[in-house]
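Dear colleague,

I am passing on the structure we spoke about, and my notes on it follow directly below. Please read them with the coordinates open.

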Amino acid sequence: MKRLVIILAIAVLTAASPVRNPKIQYGPWICNVSETGFNVLWKSAEKTFAWVEIAPDDGSAFEACERTRYYQTVNGCRISGQYHSIPIKGLEPGKTYRYRIYGKVIEDDSSAYGTDYGPEKVMKFKGEAKITTLDSGAKECRFLMLNDIHGKDENFEALTKGINLGDMDFMVMNGDMMSYITEADTMLRHVFTAVPEVTSSIPTIYCRGNHETRGRDAYKFGYFCPTPSGMPYFTFRQGPVAFVVLDAGEDKPDSGVAYSGTADYDTFRQEELEWLKQAVEDPEFAQAPYKVAVIHVPALRYPDSWYPQIWINENFVPVLNEAGIDVMLSGHHHKHIYVKPGECGNEFPIIVNSNVECLEFEADSEHLSIATYDMEGRMTHSY
Ligand SMILES: [Fe+2]
């Protein structure tokens, strides 16, 4: 009888605690790509201990040998959680790598001397899971740019439909991809999971817009979009093109009532300006055949321009002119605008992409071309 009770108790307990396999809730996506690495980011459905394994794209089976494991560590401690950002390091420039995410759900981590886990599994997701590192020696640079999607998944899907991922070095998200980050998961769902096969298979270069500054969780933006500088402004190089990604901050004066005292973008932009003056002097940037500035709010100056736009026009543009910028790529206005050199103190053209078009950029040693396409894939502008 006693034995029967024990067997029944075990059966009830087993039925009550199903196997908890690790699952990805949002992502993965790739940020902070460089010549030697990138970060793999995602959100797990439950608290999970996870790692990423990397294999060269050489046709071998992933299981052909033990692959290098990369963990998220803090001061030597491998950490668990739901929000993962795993840096992959020590790679070679211009080389394609496959990645796999592994994890095990934390069943009980209440003891300081041993954690109980669920089964160890590959965490599945949509996409080819192949990433190519940057290479300053590459012959060309190609990318796709989107902006001002404001959380409209159907627009995101339409504008990335049919793109050949193998042709694109990365995707630039030029701000206002959603309207506010009141909940961080809103950003992860609409920006990094709307078109998972794209965001899991090409690196994202994220230029923060004035809407990514809004909402309770907006300060977490940097965690979800790590950069080489650790700031939302940074430089990088791909083939003949050097990029400077800038952050214009909010679009109204810091004292605006809508910010309820939370905005300090004057200080932020001033520090960014000091950084910019140094960044454009770096030989990797200064000696590049082409130089591109990416900034969500274009550095326009018209009689009806708002305060931050005037500020960046007065402060960033002289530095960018001096640095020999070839073109500035922006968004924000929800319409296509071409600004000729000289129109607003700018010695370079400014191309403002609309919210319903994507922009394709291509450059090699001979030419630089930019074209925009609407949601049906028809070319709308070309330069
Ligand atoms: Fe905007």
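In which sense do strand E15 and strand E16 pair, and over how many bridges? Strand E15 (residues 241-246) and strand E16 (residues 290-295) pair in the parallel sense, over six bridges; strands here are DSSP runs of at least two residues, helices (H or I) being runs of at least four, numbered from the N terminus, and two strands pair if DSSP finds at least two bridges between them. Within E16, Ala293 is the bridge partner of Val244.

Before going further, please note that this is a predicted model, in which local features need pLDDT of at least 70 and side-chain atom pairs count only at pLDDT 80 or more, whereas totals for chains, interfaces and linings use all residues. Residues are numbered from 1 along each chain as its sequence is written.

E15 and E16 belong to an open sheet of six strands with mixed pairing, in the order E14-E15-E16-E17-E19-E18. Strand E14 (234-238) and strand E18 (337-339) stand at its edges with a single partner strand each, so one side of each is left without a neighbour in the sheet.

The domain assignment, which is automatic or taken from a database, gives domain 1 (24-131) and domain 2 (136-382), and their C-alpha centres lie 28 Å apart. The contact between them takes 24 residues from domain 1 and 25 residues from domain 2, where contact means that the C-beta atoms of two residues, placed from the backbone, lie within 7 Å. On the side of domain 1 that touches domain 2, E1 gives the most, with six residues.

The largest nonpolar core has 97 residues, and those with the most contacts inside it are Met171 and Val294; such a core is a set of buried Ala, Val, Leu, Ile, Met, Phe, Trp, Tyr and Cys residues joined through C-beta atoms within 7 Å. Strand E2 (residues 38-56) gives the most to this core, with eight residues. Both domain 1 and domain 2 give residues to the core, so it lies between them. Leaving out residues up to four places away in sequence, Val294 touches Val172, Asn174, Cys207, Phe243, Val245, Leu246 and Leu329.

Finally, Met173, which is in strand E12 (residues 170-173), is buried, with 27 other C-beta atoms within 10 Å; buried means 20 or more such atoms within that distance, exposed 12 or fewer, and partly exposed in between. With neighbours within four places in sequence set aside, the contacts of Met173 are Leu146, Asn147, Val191, Thr204, Tyr206 and Cys207.

With best regards
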